[in-house]
Amino acid sequence: MRSDESPAVLLSSVTRNFGPVRAVDRITLTIPRGQTVALLGPNGAGKSTTIGLLLGLLAPDSGRAALFGRDPVQAVRQGLVGAMPQEGGLIGRVTVRELLSFVAGTYPAPLPLDRVLRLAQITQLRDRRVDRLSGGQAQRVRFATAVVGDPDLVVLDEPTAALDVTARREFWDGMRDLAGQGKTILFSTHYLDEADERSDRVIVVGRGRVIADGTSDEIKRVVALTTVSVTVTGETAWLSALPGVRHLDIRGDRAHLRSADPDATVMALAQAGAVRNLEVTPADLEDAFVALTTEDAPIAEETM
Amino acid sequence: MLGYIRFELIRTARDGGYVVFGLIMPVVMYLVFTDLGLAPGDEHDAAIYTMVSMAAYGGLGAAFNNGSGIAEDRAAGWLRRLRLTPLTPAQVIAGKVVTGAVGVVPGIAAVLLTGALVNHVTLTPGRWLAIVVLLWAGTIPFSLLGLGNGYRLTGQSAAMANLMTMLVLSIVGGLWVPVSGFPSWLRALAEWTPSNGYASLSWHVAFGAAPGAREIAMLTVWLVVFGLYAMYGYRRAGRTG
Ligand SMILES: Nc1ncnc2c1ncn2[C@@H]1O[C@H](COP(=O)(O)OP(=O)(O)OP(=O)(O)O)[C@@H](O)[C@H]1O
Ligand SMILES: [Mg+2]
């Protein structure tokens, strides 16, 4: 493969431990150029560690990371990467403009300052001291430092964490602008709806592993199982063999069937004459997501 | 890298600690001390002696302050952020060292100018040049000690450690009150301090003597010790992020 065709991000079976904690456990993923990818997972899932590994800030215990077919550190040196760590990275006693000009100056072909100020919605903050900004304003400045160098790959660790509703919307407008220019974007988030609306692809991580990887519709199909409940007596094991059923949960005389295809499940129940006090509860995405990332459910195969 | 140096110099100039300890205090104390007549010899000799003391004191203030800046940078996640720009770590360290070396100049220059313009110090051009070079280059061991503290300790404690070290070295080294006024046990101690060695080089030159071999040897040893300490601190900081 020629290096200009190599993917923007390549992780092959990277593992990283912190003492007894396995923060990242054999993660393998490829992000082609131009894709916008959400890294979705709860606290402690390993998102920041994965990002640190792919940026070359952390060394993997095993496995390999590459950006644009080269060592991550080298890719950063060549100005191909702009990144916003989860926290920190702003320094006192300079104005927003001075900070951005300095960062821009380290890149071979940075964006004009005015454009970046507009993109990050901080034009009116440009002469303010960086250490005297509100949390959300600081967050936008941090975002601006990640994109001012006009890098091909933009990596953002929880970019919307401190933003209010308006700022969030403005932020995603800016991101759409960047994605439209063919940039590869990787961002992490805790929110399924954010991942759903703002990315081409969602990678769900939990306990250091990739749990699911696909378009948001594919993810939803997996995580968002409709619950079909009926009252049952006697033998129940056959229920888990019904079409669409992924999960069977018996509580007292109620059977709760988590189904990927509720129509088929209900039809089969009817044919078996087992429809008693039937109840169909639509999927709660957030609940399903929590269940997915905290359970030991090996779902990854189903989505690949 | 020039951009980084410029950026760091802007930040230094706006740093209150730097302006107070590296610039204002040495000049004010110089004026006060020459008025009090604490130094030996006649008025002109005293003006020369104290000028060197206070220039050295300003050099120390600026050098240590630069080291405290490193701890501040680390605490703010700034060093980590710089690793995500195309700058190399070597460029960052070199930039910081150059910033430190430039940062000591204003304080030294201000005291020397005050000496020449206010206290009417007259020296031959050769001696002026020699003390400028010695006062400037002699700050290197202190910069290294300050950087070592900055890398090894966290924000607040590094600033505190550097301020205390700076004051102790200044006072015990005889920069505030000449060692000739010390009790003999303290004078014996003072003569082994790097700050006393640093200022002695320029005292000697200012009064027409050659820099003493003993001071040069001692300062070289301190340079090596502090250099190793800075390296140790840097390695440690690299391991802990
Ligand atoms: N420097 C570190 N030292 C020790 N343990 C660490 C370190 N960094 C991360 N961990 C551990 O590794 C695991 C993954 O952490 P990571 O920061 O990657 O999670 P995350 O998905 O980014 O979480 P969050 O959403 O809270 O930011 C956690 O159990 C965390 O405690
Ligand atoms: Mg994180």
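Chain A splits into two domains, with domain 1 covering 9–215 and domain 2 covering 225–282. Taken over C-alpha atoms, the centres of domain 1 of chain A and domain 2 of chain A sit 43 Å apart. Everything described here comes from a predicted model.

Ser48(A) has a relative accessibility of 30%, so it counts as partly exposed. Gln86(A) is likewise partly exposed, at 33%.

Next come the charged pairs. Over all chains, the count comes to 20 salt bridges. One of them pairs the side chains of Asp25(A) and Arg26(A), with N to O at 3.1 Å. Asp25(A) counts as buried because its relative accessibility is 8%, under the 20% cut-off.

Turning to the contact between the chains, 22 residues of chain B touch 26 residues of chain A. Chain B and chain A bury about 2,300 Å² between them, and carbon and sulfur atoms give 62% of that area. On the chain B side, Arg81(B), Leu84(B) and Pro86(B) do more than any other three residues, supplying 32% of the area that chain B buries against chain A.

Polar links cross this interface too. Ten residue pairs, both partners at pLDDT 80 or more, are in polar contact between chain B and chain A. As for secondary structure, helix 1, helix 3 and helix 4 (78–82) of chain B are the elements that give two or more residues to the side of chain B that touches chain A. Helix 1 of chain B gives the most, with five residues.

Three salt bridges are found across the interface of chain B and chain A. Among them is the pair Arg14(B) and Glu98(A), whose closest N and O atoms lie 2.8 Å apart. Another is formed by Asp15(B) and Arg93(A), here with the closest N and O atoms 4.0 Å apart. Asp15(B) lies in the loop between helix 1 (2–13) and helix 2 (16–36) of chain B, and Arg93(A) in the loop between strand 5 and helix 3 of chain A, so this pair joins two chains. Both partners are tucked away from the surface by the accessibility criterion: Asp15(B) is buried at 15%, and Arg93(A) is buried at 14%.

Within chain B, Arg11(B) and Asp73(B) form a salt bridge, with 3.5 Å between the closest N and O atoms. This pair ties together distant parts of the chain, 62 residues apart, with Arg11(B) in helix 1 of chain B and Asp73(B) in helix 3 (residues 43–75) of chain B. Through shared partners, salt bridges join Arg93(A), Glu8(B), Arg11(B), Asp15(B), Glu72(B), Asp73(B) and Lys96(B) into one network.

Note on methods: Residues are numbered from 1 along each chain as its sequence is written. Chains are lettered from A and ligands numbered from 1 in the order in which they are written. This is a predicted model: local features need pLDDT of at least 70, side-chain atom pairs count only at pLDDT 80 or more; totals for chains, interfaces and linings use all residues. Side-chain values use heavy atoms; hydrogens and water are left out. Domain bounds come from an automatic or database domain assignment. Buried means under 20% relative accessible area, exposed over 50%, partly exposed in between (1.4 Å probe, protein chains only). Helices (H or I, at least four residues) and strands (E, at least two) are DSSP runs, numbered from the N terminus. Contact means heavy atoms within 4.5 Å. Buried area is the accessible area (1.4 Å probe) that two parts lose on being put together, summed over both. A polar contact is a pair of N or O atoms within 3.5 Å; within protein, one must be able to donate a hydrogen and the other to accept it, and residues adjacent in sequence count only if both atoms are side-chain atoms.
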